[in-house]
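Please find below my notes on the model, arranged as numbered points.

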Amino acid sequence: MRLNVTDLVGHPGATRMVEETVGRDAFGDTPWGVADEVLRDPIALAVHLDAVVDGILVRGTITYAVTLTCGRCLTPLDRDVVADVTELFIDPDKYADDDEVDAGYEIVDDHTAIDISTLVRDALIIDLPYRVLCREDCAGLCVVCGTDLNETDCGHRRTAEADPRWAALADLTLPPE
């Protein structure tokens, strides 16, 4: 997704707010990685574009929704995520050949646009919750029959027998910390 920045380039101190709600297809063929299966449309952008000496500073929030699975009982969960972003899109005329510039974070199209696809993808993947619970006291699934223990008690014992090789540790008394 390209944003026109011709009004900002070369004018340090100039600023503009961008508030848009778009579908993931607005970012082209951007690979979403682990977010591919869980990301839902729309993606809401609320960012400031600030012209600085070295380029365009993008700061703000990206809000999106995901459908994840509880880490204990496997119940599908819908979550809204707000990712804070701050990134400098470098003006190609302002850095030397030996400077390291992250791919996707430069002003493109002869100083007229920035492509925020990489910024959005990186923010989504970094802030994506990797393990969630449906509730704090989720009982999970029965290890014997697979019953959701939040809904019913299947009657199976919840704790497994201790491994006999570790039985000697049961009588171990540790000093207080």
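This is a predicted model: local features need pLDDT of at least 70, side-chain atom pairs count only at pLDDT 80 or more; totals for chains, interfaces and linings use all residues.

1. An open sheet is formed by three strands in the order β1-β7-β6, with antiparallel pairing. Its edge strands are β1 (2-4) and β6 (107-108), each of which pairs on one side only. Strands β1 and β7 (residues 113-115) run antiparallel and are joined by three bridges, and Leu3 stands opposite Ile114 in β7. Here two strands pair if DSSP finds at least two bridges between them; helices (H or I, at least four residues) and strands (E, at least two) are DSSP runs numbered from the N terminus.

2. Residues are numbered from 1 along each chain as its sequence is written, and side-chain values use heavy atoms, with hydrogens and water left out.

3. How many disulfides does a search of the whole structure find? The result is zero, a disulfide being a pair of cysteine sulfur atoms within 2.5 Å. For Cys70, the closest cysteine sulfur is that of Cys73, at 3.6 Å, which is too far for a bond. Cys138 is likewise in no disulfide, as the nearest cysteine sulfur, in Cys134, is 3.7 Å away. Cys70 has 1% relative accessibility and counts as buried; Cys138 is also buried, at 6%. The classes are buried (under 20% relative accessible area), exposed (over 50%) and partly exposed in between, with a 1.4 Å probe and protein chains only.

4. The peptide bond joining Asp41 and Pro42 is cis, with omega about 0 degrees, and Pro42 is found in strand β3. Leu74, a residue other than glycine, has a positive phi near 65 degrees. Leu74 lies in the loop between β4 and β5 and is exposed, with a relative accessible area of 54%.

5. Asp91 is located in the loop between β5 (76-90) and β6. Is Asp91 buried or exposed? Asp91 counts as buried, because its relative accessibility is 8%. Apart from neighbours within four places in sequence, Asp91 is in contact (heavy atoms within 4.5 Å) with Val9, Asp54, Gly55, Ile107 and His111.

6. Helix α1 (residues 117-127) has as its buried residues Ser117, Thr118, Leu119, Val120, Ala123 and Leu124. These buried residues pack against β3 (39-52), β4 (55-69), β5 and β7. Ser117 itself has 6% relative accessibility. Beyond neighbours within four places in sequence, Ser117 is in contact with Met1, Phe27 and Thr30.

7. The largest nonpolar core has 41 residues, of which Ile43, Leu49, Ile56, Tyr64, Ile114 and Ile116 touch the most other members. At least two residues of this core come from each of β2 (15-22), β3, β4, β5 and α1. Such a core is a set of buried Ala, Val, Leu, Ile, Met, Phe, Trp, Tyr and Cys residues joined through side-chain atoms within 4.5 Å. Leaving aside neighbours within four places in sequence, the contacts of Tyr64 include Pro42, Ile43, Ala123 and Leu124.
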